[in-house]
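Hi everyone, thanks for coming. I'd like to walk you through the pockets of one model, and then through a couple of its helices.

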Amino acid sequence: MEEGEGKRPRVASTPSLHPDRLTIVLTTSPIKTHPSTRLIEEVFESIAVLAGLGECRKIIVADGVKVREHDKFRSGICTPEAMSNYRHYLSRLEALTKTEGSPLRGAELLALDERHGFAHALRRGLMRVATPFVLVAQHDRSFVRPVEVSHVLDVMETANADTACTTSGRVNYVGFPTTTTLSHRSYVASKYGLAVEPVTRDFRDPKVDGSNPGRGNSTDDERPSTLRLLPLVQFYDSTHVASTRWYLSRVFGRLRYVNLPRGGFIEDTLGQHILRTIREECAGPKASDANAVARAHAAFGTFVYQDDSEETKCGHIDGHDVLTAHGSCRKYGFGYSHTSEERWREIEGVTGHAHWGEGTYETVKGYRDD
């Protein structure tokens, strides 16, 4: 942490969530600014402060890489030098999971020895999740405004009660608005001619029926009893909460919508499958009928969170921009939680990466589950 900032108290701007309800699974992979840890510290601190998830279990899945002559980070390919920096970064992450006051404190670090890609790296993490819900995060996407995640989970629990994962009409996935999804309604109307309209979802009142006893510390009288959601006719990998059972059954399991190729992103395959299915079922005049689109979309249950602010809740930070390593990135909001390169050098001394020795974090061999 930055000198003089490490003891700054964390003041969450949204009610904290009971850890029995949700697990955080964050994927990471090589970027140009490694071994800097600023980016992932920013993301985890934003999750704690703006989403109230600081007490939830944290699983970090570090994807494997292919070593080649030239870097192609998005494809999981890096040079020997970048690979060395990545391993150095993982050693630092392990240290942060044991550092009091760090936003990574208590996180479980899982390193894959082979390249999986985002989709299947996420699958590795999901297999360790025991809570009914999961927050899916990436190392370069942070919260930028407060979101009451407990409210979203209450709505999902109500909508999905006593249903199978294959049941239509569930709320399986709720993404938080980005610059892309904020305009989703107008975008799909102009590009595909599809009419989507927000829906209002209710949830049970725990004061009446005793449900969700650990939902957080919010004041019941201050919380709305509904949530507005916009149907997503595509899947986006950006920060979202989802039903763990749905993910393991319908995205990755035997009942999966579509096969996900190794090395790819979910949005590139499942996202296109959802869009194609809805467009086929709503061909012709049905495309402009929001009710028809809603019926076609019901099999997927993917939504984006909406509120009256009409502002983004999550944003992207370029991990290849040198400013993110130096701490001068204008998108940073939680610099006090970062560990500067100067501080790392003080800790590691002249030995650098060798200071950490062999990592004790878990390494998963191979690609197959067995």
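**Pockets and helices**

The largest pocket holds about 860 Å³ of space. By pocket I mean an open set of points on a 1 Å grid over the protein atoms alone, with protein on both sides within 12 Å along at least five of seven lines, and lining residues have an atom within 4 Å of a point. The volume is the space filled by probe spheres set on the points, which are joined across faces, edges and corners; the probe is 1.4 Å.

Before going on, please note that this is a predicted model, where local features need pLDDT of at least 70, side-chain atom pairs count only at pLDDT 80 or more, and totals for chains, interfaces and linings use all residues. Residues are numbered from 1 along each chain as its sequence is written, and side-chain values use heavy atoms, leaving out hydrogens and water.

So, which residues lie nearest the centre of the largest pocket? They are Arg74, Gln138, Asp140, Arg141 and His316, out of 43 lining residues. Strands S1 (22–28), S7 (141–143), S8 (173–175) and S13 (314–316) and helix H3 (117–126) each supply at least two residues of that lining. Helices (H or I, at least four residues) and strands (E, at least two) are DSSP runs, numbered from the N terminus. By class, the lining has 14 nonpolar, 20 polar and 9 charged residues. Here Ala, Val, Leu, Ile, Met, Phe, Trp, Tyr, Cys and Pro count as nonpolar, Asp, Glu, Lys and Arg as charged, and the others, Gly among them, as polar.

The second largest pocket has about 410 Å³ and 19 lining residues, with Met83, Arg87, Leu90, Tyr361 and Thr363 nearest its centre. Helix H2 gives the most to this lining, 5 residues.

Let's stay with H2. Its axis comes within 13 Å of that of helix H11 (residues 341–348), crossing at roughly 85°; axes are lines fitted to C-alpha atoms, for helices over the stretch in contact, with angles from 0 to 180 degrees between N-to-C directions. That makes the two helices, H2 and H11, roughly perpendicular, a label for 65 to 115 degrees. His88, Arg92, Ala95 and Leu96 of H2 meet Glu341, Trp344 and Glu348 of H11, where contact means heavy atoms within 4.5 Å.

Last stop, helix H7 (residues 244–251): 6 of its 8 residues are buried, meaning under 20% relative accessible area (1.4 Å probe, protein chains only). Trp246 and Tyr247 are among them, and the cover includes H3 and S8.

Conventions:
Buried means under 20% relative accessible area, exposed over 50%, partly exposed in between (1.4 Å probe, protein chains only). Angles under 35 degrees count as roughly parallel, over 145 as roughly antiparallel, 65 to 115 as roughly perpendicular and the rest as oblique.
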